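Here is a short report on one protein model.

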Amino acid sequence: RKLPFTTIERIAAWLSDGTAEVRTPIDGPPVAGRATVGFDENGGAIVERPILLPPAGLFGMVTEPAGASRGPAVLMLNVANNHHIGPSRLWVDLARRWAGAGVRSLRFDLSGLGESPLRHPEQRQLVTVAPEAFEDVEDAARAMSPEDPSNVVLVGLCSSGYQAIESALQLVPRGVIAINPVLWGVPPEFEL
C-alpha cells in the first residue's frame, strides 16, 4: 500500500549520477479555461472548467450544462490513488452524461492525491481514506453549493465509497452513491 520512496530516490540518484547539474527555468502552461466538451440531446453545450477549491487549493473539474443546472451538485471523490478522472475515465463519462441531463458535477482530487496539494506539511501523500479527506469533501461541498453545502450528492467507489459514507454523517448531503465501499481496515491515523 505504500510507495517505496527510498528505492525511488536511489533510482533517481543513480540515473542522475554523472550528469551535469544545469538548471533551466521553465514556464508552466497557461491555466486552462472553460471549454465545450460535448452537447446534450437538444444541442445545448456541455462545458467543463478547472477550479482550485479554497482554502487548500484542491484541484477539480466542474462539468455543467451551458445554461442553468437543476438539482443538487454531484461530487465525485478519488478512487484509491486514481486522480479526478476516476477509474477508466468513469467520472468523466458520468459527469458529462449528468451535465447532458442538466446536473452540475465536480470531480476533484482529495488533498495529497492527483493534482491537489497536501493540506499541511505533516500530511502524508498518496494515502487513501486520509483524515484530511473530511475537510476536503466539506470544502468541495461549500464551493459547489455555498448557500447550502448539504445540497450535494457524494459519489465514491471502494475507498472513496467509504469516504462518501463517512463524510455524509457530518455533511448530511441529499444523497450518497457508494459503489462497493470498503467497510473494513485500519484508519491511517491509527497505523504505526
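How many bridges join strand E6 to E7, and do they run parallel or antiparallel? Five bridges join strand E6 (residues 152–157) to E7, and the two run parallel. Within this pair, Val155 has Ile177 of E7 as its bridge partner. The model is a predicted one.

**The sheet**

Seven strands make up an open sheet. Their order is E1-E2-E3-E5-E4-E6-E7, and the pairing is mixed. Strand E1 (35–39) and strand E7 (175–179) are the edge strands, each pairing on one side only. On average, neighbouring strands are turned by 20 degrees against each other, direction ignored.

Helix H2 packs on this sheet. H2 touches E1, strand E2 (45–53), strand E3 (58–65), E4, strand E5 (105–108) and E6. The direction of H2 makes about 35 degrees with that of E3. Helix H3 (residues 133–144) lies across E2, E3, E4, E5 and E6. H3 runs at about 150 degrees to E5.

**Two hairpins**

E1 and E2 run antiparallel and are joined by four bridges. Ala35 stands opposite Glu48 in E2. The two strands form a hairpin with five residues between them. In its turn, Gly43 has a positive phi of about 90 degrees.

E2 also runs antiparallel to E3, with eight bridges between them. Here Arg49 stands opposite Val62 in E3. The hairpin of E2 and E3 has four residues between the strands, and Gly57 takes a positive phi near 80 degrees. The loop between E2 and E3 also holds Pro55. The peptide bond from Pro54 to Pro55 is cis, with omega near 0 degrees.

**Backbone exceptions**

Most residues other than glycine have a negative phi, and most peptide bonds are trans. Arg89 has a positive phi of about 65 degrees although it is not a glycine. Arg89 sits in the loop between E4 and H2. Its relative accessibility is 39%, so Arg89 counts as partly exposed. Cys158, also not a glycine, has a positive phi of about 55 degrees. Cys158 lies in the loop between E6 and helix H4 (159–171). Cys158 counts as partly exposed because its relative accessibility is 25%.

**A buried histidine**

Is His84 buried or exposed? His84 counts as buried because its relative accessibility is 9%, and the cut-off for buried is under 20%. His84 is found in the loop between strand E4 (73–76) and helix H2 (90–100). Leaving out residues up to four places away in sequence, His84 touches Phe59, Met61, Asn78, Trp91, Arg107, Phe108, Asp109 and Glu115.

**Cavities**

The structure holds two cavities of 30 Å³ or more.

| Cavity | Volume | Lining residues by class |
|---|---|---|
| Largest cavity | about 50 Å³ | four nonpolar, five polar, no charged |
| Second largest cavity | about 40 Å³ | five nonpolar, three polar, one charged |

The largest cavity is lined by Asn78, Ala80, Leu110, Leu113, Thr128, Val129, Ser159, Ser160 and Gln163. Asn78 is also among the contacts of His84. Around the second largest cavity stand Leu110, Ser111, Gln123, Val127, Thr128, Val129, Ala130, Ala133 and Asp136.

Definitions and conventions: Residues numbered from 1 in each chain as written. Predicted model: local features only at pLDDT ≥ 70, side-chain atom pairs only at ≥ 80, totals over all residues. Heavy atoms only, no water. 1 Å grid on protein atoms, 1.4 Å probe; cavity = no way out; pocket = protein on both sides within 12 Å on 5 of 7 lines; lining within 4 Å. Points joined across faces, edges and corners; volume = space filled by probe spheres on them. Nonpolar A, V, L, I, M, F, W, Y, C, P; charged D, E, K, R; others polar. Buried < 20%, exposed > 50% of the residue type's maximum accessible area, 1.4 Å probe, protein only. Contact = heavy atoms within 4.5 Å. Pairing = 2+ DSSP bridges. Axes fitted to C-alpha atoms, helices over the stretch in contact; angles between N-to-C directions.
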